[in-house]
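The following questions and answers concern the fold of one protein model. Please consult the sequence and structure shown here.

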Amino acid sequence: MFKIIVANFHLEKILWIIKKNLTYMVFCGLVAALLFGGYAYATRSSVYQAKISFYAYSDPDYASDTSVNITYSEVNQAKNLISSYTQILKSNTFLEALKEETGLNYSTSTFKNIISTSAVEDTAVFYVYVVDSNPLNAQKIANAIGELAPDMIVTLVKAGGVQVLDSAELPTSPYQQTNVPFTAILGFFFGAILAFIFFILKGLLNTTIRKKYEIEDMFTIPILGDVPEIETEEAKGVIKNSSYNPKVLNEDSTFTITEAYNSIRTKLLYTAKDQKCPIYGITSADSGEGKSLNSMNLAISYSFLGKKVLLIDGDLRKSGISRVLKTTSRQGLSQYLAGINKDYDLFNYNNNLDILFAGEIPPNPMELLSSEKCKNLLESLKETYDVIFIDFPPVGEVADALALADSVTSFVLVVRENHTKFDKEENVIRTIEPLGADICGFIYNGIAVNSREYKYNTKKYGKEYGYGLKYSASK
């Protein structure tokens, strides 16, 4: 889990997660604010404070002798005694006497918690504070301390003495009370932060590829090209009940689609390894990533160059090419490899492109693809064609493509934006590379046309290079 978080950690993704889930974070904050504020309102309370002041003497006789002039040295001596006096006020002996004096059913620990003291700097004056939810009790306790303190301090300390300066008055306004608005605000931030942490962790543990840079950061394998996600007329409901697939490359395809496959084709031409007829295996990590459509369009793109091209539907479990072309072919590769048919039938798509369909679904597709008969077939076909594409099933689901790893020139991996998971793609690469097979690159499928990462701008390039929205080989 930690490895995934580290690999997935990127400022852009953090900001994207926040932007995507900001509404939920605010909602969680508001719910928490409501709960915190509601609880604070239901349990709200007020605390009152009563205060009594004392004056300390260095000699107990000074408290009753008004004719004595106290020196500065005696004041300092009295100041030094204040800390001892305040400790006496919190002693169990004094608090037991206080409990008896007030008649309140408070424990000594309760008295310790509600009584506090403070000394006035550079004077012999100190204050005793009593806080209580009942203002009458706060006043009663404070004045009881004033009654007990002068005699008990002299008895216990045996030095100096104290005299009450001001008795405690009845507090009329709360010293402290529950702040409902503040508690609600605190609850909002608490809820929002918890939601933030939850969504950040959830987002960083999501390995779905959203941006092209995530593939570039994770792997050293190059990206051959970007295939944009374009809404077709069929998706809009214009074309219905037709065998025509508008996503299949043709001479009237948009400049965007045509140029995408031109770019991939150009890079593939440099990966042929000087072979007269290179064989490219097109596969992916999972189904639904567009490998069959890309296999078909790459083969068509090559045929536009005048090359003799063969596309083999190597997915004997679920024919992808048949689905792309919206056809049903019961005769094909599986019958030939199984020995049911002595020969294979080729479908001529155009003057330069032939297709060998998968045929009936066999019970043993892996065995058929790994047979010597299949490898011999590929060797014989290489004498006829300039390039061969094999549409394999996803390596992340079945290992059929690995059966021909030593016959394939290079594998091309199709990844789909917002669909492919990079941890599964990593497993596919780790599965293929130990076999000595070459992976020449990724096709980044389904990229948004308005994405900053997308290379081409249809209007800009179409205008500057003389293309309209349609590309035609006859122009």
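Helices (H or I, at least four residues) and strands (E, at least two) are DSSP runs, numbered from the N terminus. This is a predicted model, in which local features need pLDDT of at least 70, side-chain atom pairs count only at pLDDT 80 or more, and totals for chains, interfaces and linings use all residues. Residues are numbered from 1 along each chain as its sequence is written, and side-chain values use heavy atoms, with hydrogens and water left out.

Q: How many helices and strands are there in the protein chain?
A: The count rests on the DSSP runs just defined. The protein chain holds 16 helices and 13 strands.

Q: What percentage of the 475 residues in the protein chain is buried?
A: Buried means under 20% relative accessible area, exposed over 50%, and partly exposed in between (1.4 Å probe, protein chains only). Of the 475 residues in the protein chain, the buried share is 45%.

Q: At which residue does helix H2 bend?
A: The bend at a residue is the angle between axes fitted to the seven residues ending there and the seven starting there. Buried residues of H2 include Ile-14, Ile-17, Asn-21 and Met-25. The buried residues of H2 pack against helix H1 (2-8), helix H7 (180-205) and helix H8 (212-218). Helix H2 (residues 11-42) bends by about 60 degrees at Asn-21.

Q: Is Asp-122 buried or exposed?
A: Asp-122 lies in the loop between strand E2 (115-119) and strand E3 (125-132). Its phi is near 65 degrees, a positive value in a residue other than glycine. Because its relative accessibility is 61%, Asp-122 counts as exposed.

Q: At roughly what angle do the axes of helix H9 and helix H10 cross?
A: Axes are lines fitted to C-alpha atoms, for helices over the stretch in contact, and angles run from 0 to 180 degrees between N-to-C directions. Contact means heavy atoms within 4.5 Å, and Tyr-261 and Leu-268 are among the H9 residues that meet H10 residues including Leu-293 and Tyr-302. The axes of H9 (residues 255-269) and H10 (residues 291-303) come within 10 Å and cross at roughly 75 degrees.

Q: Which strands stand at the edges of the open sheet of eight strands?
A: Two strands pair if DSSP finds at least two bridges between them. The sheet has mixed pairing and the order E6-E13-E12-E7-E11-E8-E10-E9. Each edge strand has a single partner strand, so one side of each is left without a neighbour in the sheet; these are strand E6 (223-229) and E9.

Q: Which residue in E10 is the bridge partner of Asn-348 and of Leu-310?
A: Strand E9 (residues 347-350) and strand E10 (residues 353-356) pair in the antiparallel sense over three bridges, forming a hairpin with two residues between them. Strand E8 (residues 309-313) and E10 pair in the parallel sense over four bridges. In E10, the bridge partner of Asn-348 is Asp-354, and that of Leu-310 is also Asp-354.
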